[in-house]
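This briefing covers selected local features of the model shown below.

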Amino acid sequence: MSQPFMLRRIHRLVWTSLLAALVAVGAFVALPIGPVPVTLQTLFVLLAGLTLGARNGTLAVTLYLAAGSLGLPVFAGGKAGLAVLLGPTGGFLLGFIPSAMFCGLARGLGVKKYLPALLICVGGTAVTLLAGTVQLMLVLHISLEKALAVGVLPFLPGGAAKCLAAAAVYQFLVKQKLLPL
């Protein structure tokens with residue numbers, strides 16, 4: 001293998017590991033407001049997809065979820081284990097995978113502008129909220145209305161702010177040519 005090819009692979013590996021670690025760190029910046037805390041995780045999930053693309057963004061999020069499933073205390077509140085993924089908040093966590101994949105479309109489509117990146121982040125956030133709402137309904141045996149009230153509505157302002165921030169960071173990285181190769 002050529003040296004530039006190896007450097008690109010190492011560069012992607014470092015970025016993938018960094019984003020997985022940032023998702024974990026984002027779990028510790030939490031505001032407990034009910035059964036589902038507000039965290040910064042989703043900001044880093046959106047950035048994982050935007051910066052790494054669908055494949056590596058999904059890999060970063062999957063790495064984070066695997067670490068938590070295997071017992072590392074990387075979920076909100078320092079929690080860990082499969083029980084978290086099967087509990088009320090597990091749908092939001094599992095929703096990170098398709099969210100990162102969806103946001104990875106930005107890289108695949110060559111999106112470099114703020115507004116399209118923002119719209120993709122809104123879609124990624126919607127994917128996470130949908131997965132979380134479904135699991136809240138199933139695990140807590142509550143109606144759609146109740147699940148929306150506790151699992152979506154409180155998160156809309158923060159979700160909007162995280163989408164704005166993720167798109168801004170992405171555009172900055174694009175302009176500075178700092179994205180992984």
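Lys 177 is exposed, with a relative accessible area of 73%; exposed means over 50%, buried under 20% and partly exposed in between, with a 1.4 Å probe and protein chains only. The model is predicted, so local features need pLDDT of at least 70 and side-chain atom pairs count only at pLDDT 80 or more, while totals for chains, interfaces and linings use all residues. Residues are numbered from 1 along each chain as its sequence is written, and side-chain values use heavy atoms, with hydrogens and water left out.

**Positive phi values**

- Lys 177 lies in the segment after helix 8; helices are DSSP runs of H or I with at least four residues, numbered from the N terminus.
- The phi angle of Lys 177 is near 55°, a positive value in a residue other than glycine.
- His 141 also has phi near 55°, again positive in a residue other than glycine.
- The loop between helix 6 (114–140) and helix 7 (144–151) contains His 141.
- His 141 is exposed, at a relative accessible area of 70%.

**Contact of helix 2 with helix 4**

- Helix 2 (residues 41–69) and helix 4 (residues 90–103) have axes that come within 7 Å and cross at roughly 105°. Axes are lines fitted to C-alpha atoms over the stretch in contact, and angles run from 0 to 180 degrees between N-to-C directions.

**Nonpolar surface patch**

- Phe 5, Met 6, Leu 7, Ile 10 and Val 14 form a nonpolar patch on the surface, with about 430 Å² of accessible area together. Patch residues have over 30% relative accessible area and no salt bridge, and nonpolar side chains are joined within 5 Å. A salt bridge is a side-chain nitrogen of Lys or Arg within 4 Å of a carboxyl oxygen of Asp or Glu. Areas come from the Shrake-Rupley method with a 1.4 Å probe.
- Val 14 belongs to helix 1 (residues 3–27).

**Partly exposed helix residues**

- Leu 156 lies in helix 8 (residues 156–175) and is partly exposed, with a relative accessible area of 42%.
- Between Leu 156 and Ala 24 there are 132 residues in sequence and 21 Å in space, C-alpha to C-alpha.
- Val 122, in helix 6, is partly exposed at 44% relative accessible area.

Notes:
Helix = DSSP H or I, 4+ residues; strand = E, 2+ residues; numbered from the N terminus. Patch = residues over 30% accessible without salt bridge, like charges linked within 9 Å, V, L, I, M, F, W, Y side chains within 5 Å.
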